[in-house]
Each structure stands twice: as C-alpha cells, then as structure tokens.
Amino acid sequence: MSAPEFAARDATADDNDALVALSVACPMEGDIGLCVDRAPDFFVLNRLEGTTWRVGVVDGPEGRPVGCIAVARRTVHLNGDPTPAMYVSDLKVHPAHRGEGVADTLTAWARDACVEAQGEDGLVFLTILAGNRAMQRRMSGPPGLPHLQTVATFRTHTVSLLWRRRLPDAGVTIARATVDDLDEMAALWSAVAPRRQFSAVHDADSLGAWIAAAPDLDLSSYRLARTASGRLAGFVGIWDQSDFKRLRVTGYSRKLAAVRAGYNALAPLAGGTRLPPPGGALRNLTAVHVCVAEEEASVLRALLVDAYNDHRGSGHSFLNVGLDAADPLAAGLRGLHAQTTDIWFCTASLAGGAAHELDGRPVHHEIALV
C-alpha cells in the first residue's frame with residue numbers, strides 16, 4: 001500500500017481547538033512525561049514570536065489537523081548586526097500519523113514560507129530538544145528539504161522554589177520596573193543584546209509593545225538591578241504563563257515517582273509546592289528578557305534570588321531560566337541546585353542557500369516562547 005499523500009495549508013482560527021488537542025497529544029517523554037497545554041488559544045505564543053507569523057497544518061482523514069509547524073519573522077542580532085530572520089517552531093505530528101510523510105510535508109511548507117519571506121539565503125533558526133532521535137535523523141535533511149546545523153547548546157535551568165535563599169552581595173538593589181524605566185531598559189538591551197547571537201532587536205517602543213501584548217506580563221513583572229550610583233546593571237522579567245501555556249504531567253518513571261514522594265513530603269516544610277500527580281499541571285515561572293552583561297553574573301544571581309524568595313509559597317513549583325551553555329552568566333546559577341535540560345540551537349540551510357557563519361558570541365533565546 002502506498003503512503004497517503006498530504007498537502008499543507010495555513011491554519012485559521014477555526015483550527016484552534018484541534019491544535020490545542022494536537023499539542024497535548026505530543027508529550028515530551030523522559031523520567032517525567034510532560035505535554036504543553038496551550039488552551040484556550042494555541043496562537044498566543046505564535047503572535048509573540050515575530051512581527052509576522054504563520055502556522056501551517058496538515059489535515060488527516062477526518063479533516064482536522066494531525067500535524068503543524070510555525071514560522072515567524074523577526075529582526076535579530078547576528079554577529080552584532082541587526083539581521084532579518086525566520087524562526088521555525090511547533091513541528092508536531094500526532095503519534096497516530098507519524099511515519100506517513102506528514103513531517104516532510106510540513107517541513108516543505110515551512111521552507112517555502114521562509115523562502116517567500118526572505119529568499120533562499122535568509123537566516124533561519126530553530127531549536128530541538130537534545131536527544132530527540134526523530135529530529136536527529138532529519139538533521140541532514142531528506143532530499144530537497146533544509147539541512148540543519150547545530151550552532152550552540154541552549155540550557156534550561158529549572159530551579160525548585162523551596163527554602164529561602166540569602167540575597168548575594170552584588171552591589172545592587174532590586175526594584176520592580178515602572179513605565180518611567182522603559183527607556184533605560186531599552187538602552188541597556190541595545191547595549192547587551194548585540195553581544196548575543198539571535199537576541200531580538202528592540203527599542204523602547206517595540207519592547208514596551210511586546211510586553212503589553214504578552215498576556216499576564218507587564219512592566220511590574222520585571223525586576224531591575226541598580227548600583228549605588230543608580231546605574232541600571234540588569235533586568236529580567238518573571239512570567240507566569242499558566243493562563244495560556246501549562247506543562248501537564250503525563251507520567252513519572254518509577255525512579256522519579258519515588259523522588260516525587262520525598263519531594264512532596266519536604267516541600268511544605270521548606271515553603272515549597274508539591275509536584276502534581278499524572279494529569280496535573282505544573283505551575284512554573286519563566287525568566288524572559290534576561291538582560292545582564294556577561295561579566296556581571298552576580299547581578300543575574302541577585303535578580304533571580306530576589307524573584308525566587310518573592311515567589312516561594314505562591315503555588316509555583318519552579319523557576320525556569322534559559323542560557324547558552326557557554327554563557328558566562330550561567331555562573332550566576334551555581335549553588336541553586338537547578339535541574340538542566342539541553343536544547344540544540346540550529347540554523348537551517350534552505351535549498352540552494354548558503355550557511356551563515358557565526359562568531360563566538362553566546363546565543364540568546366526566549367524559552368518562554370518554546
């Protein structure tokens with residue numbers, strides 16, 4: 001029997017419920033199985049990923065999407081220079097339809113969307129969970145499809161919110177941001193961001209507009225670190241995304257089930273939150289717009305510990321912070337007993353397109369949008 005033939009199309013608002021169900025049906029398996037529940041609006045993250053965006057879908061026999069992929073256009077820093085780029089994300093295929101060519105069809109749709117937006121030589125990037133064997137097999141690209149090159153390892157640090165921690169002596173005071181701080185925040189971003197590959201290009205207007213468009217995020221969600229002289233040394237947003245993006249536990253391995261039992265016994269004594277049973281949602285916080293110069297890791301630590309202490313006992317289980325594994329800022333997380341998850345950061349060479357050469361700057365990526 002020949003494999004079924006598929007065609008991709010642009011998703012519409014009518015596909016929302018099917019895409020939410022598809023996301024839940026595609027869990028990340030490991031010692032803890034997790035799926036991303038994007039109810040009530042699957043497209044919230046896509047709208048935040050670029051100035052323009054599209055979601056492609058492939059319909060199954062019942063006329064509902066069984067696979068999807070997304071592209072978004074944004075301007076990023078490449079080797080210090082503002083550069084138009086396309087971000088590819090949300091490649092999902094329902095388990096019942098894997099191995100049928102759906103992924104190839106979606107990849108071809110994304111390739112064509114990227115070429116249409118900026119030509120064959122345009123900058124294209126994406127992330128892949130390290131160890132994803134299905135995607136690893138696709139790195140070299142089936143004939144006619146993009147070839148992927150891993151350019152960095154991006155690391156998610158998951159910090160459990162348990163006992164109170166001592167605020168480090170970093171020579172800064174921490175305060176919440178207000179509208180009066182936005183110009184200064186944008187100026188610091190414009191100084192720090194070019195030192196990291198793929199960081200978004202922002203001025204005060206675009207940064208303020210992005211924050212205003214993000215659900216459950218506002219300027220008061222951002223913590224600022226100032227030196228005794230009043231210099232803004234760094235800032236970071238702390239985002240609770242539970243109204244539109246939740247991590248649901250699909251299961252625990254036998255080993256992790258035992259760890260969970262011990263953790264849940266300790267958590268109330270330490271002021272923390274118990275881990276949910278299978279089917280339950282993990283309430284977590286995510287750092288967004290980490291903006292600290294690489295030589296000031298102690299400033300990042302002060303910002304994170306301040307947020308950590310503030311959110312203990314709030315019902316959140318952990319705080320996620322994403323950094324390039326080679327970023328000197330990672331020193332600011334030492335001693336916080338973070339669990340780490342690695343993500344391959346990749347660029348794509350489109351059919352006939354050239355690879356983009358990168359210098360040694362660390363990568364910036366917003367894990368809140370993954």
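Strand β7 (147–160) is part of what covers the buried residues of helix α7. Cover here is contact, meaning heavy atoms within 4.5 Å. Helices (H or I, at least four residues) and strands (E, at least two) are DSSP runs, numbered from the N terminus. This is a predicted model, where local features need pLDDT of at least 70, side-chain atom pairs count only at pLDDT 80 or more, and totals for chains, interfaces and linings use all residues. Residues are numbered from 1 along each chain as its sequence is written, and side-chain values use heavy atoms, with hydrogens and water left out.

Which residues of α7 are buried? They are Y263, N264, A267 and A270. Buried means under 20% relative accessible area, exposed over 50%, partly exposed in between (1.4 Å probe, protein chains only). L266 also sits in α7. Its relative accessible area is 40%, so L266 is partly exposed.

Now check the length of α7. The helix runs over residues 254–270, 17 residues in total. At 1.5 Å a residue they should span 24 Å, and the end C-alpha atoms are 24 Å apart, which agrees. The expected span is 1.5 Å times one less than the number of residues. Just after α7 comes G271, with a positive phi of about 85 degrees.

Turn to helix α3, residues 102–118. Twelve of its 17 residues are buried, so α3 is largely enclosed by the rest of the structure. Among them are W109, R111 and C114. The buried residues of α3 pack against β1 (8–10), β3 (52–59), β4 (65–78), β5 (81–93) and β6 (123–129). G119 follows α3, and its phi is positive, near 85 degrees.
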